[in-house]
Amino acid sequence: IPSTFANLGKLGSLVLEGNKLQGSVPSELGEMMSLEILNLESNRLNGTLPTELGNLQHLNFLALYQNRIGGNMPDEVCMNY
């Protein structure tokens with residue numbers, strides 16, 4: 001996932017489902033303050049989730065299943081729900 005997506009600050013929905021994306025979730029996505037929907041399901045993402053996703057105060061849908069993401073959900077992300 002290109003970290004430059006963070007430049008789309010007014011984007012409300014980012015759906016990248018089923019694109020065979022690899023690598024980790026970039027921390028820069030936490031700068032997308034208008035993001036309400038983040039759907040990254042059915043890819044090949046790995047690593048852990050960045051705590052910066054906790055900055056997404058308008059996020060109300062987060063789909064991550066069918067990836068290779070490990071670890072626990074960061075507390076910062078859970079505090080918005």
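The model is predicted, so to speak of local features a pLDDT of at least 70 is needed, side-chain atom pairs count only at pLDDT 80 or more, and totals for chains, interfaces and linings use all residues. Residues are numbered from 1 along each chain as its sequence is written, and side-chain values use heavy atoms, leaving out hydrogens and water.

Let us begin with the strands, which are DSSP runs of E with at least two residues, numbered from the N terminus. Two of them pair if DSSP finds at least two bridges between them. Strands of a sheet pair through backbone hydrogen bonds, either parallel or antiparallel.

To see the pairing, look at β3 (residues 37-39), which is joined to β5 by three parallel bridges; here Ile 37 has Phe 61 of β5 as its bridge partner.

Now turn to another open sheet of three strands, ordered β2-β4-β6 and also parallel. Here β2 and β6 are the edges, each pairing on one side only. Strand β2 (residues 22-23) meets β4 (residues 44-47) over two bridges, and Gly 23 is partnered with Leu 45 of β4. Two bridges also join β4 to β6 (residues 68-69), where Gly 47 has Ile 69 as its partner.

Finally, you can find Glu 31 in the loop between β2 and β3.

Methods. Helix = DSSP H or I, 4+ residues; strand = E, 2+ residues; numbered from the N terminus.
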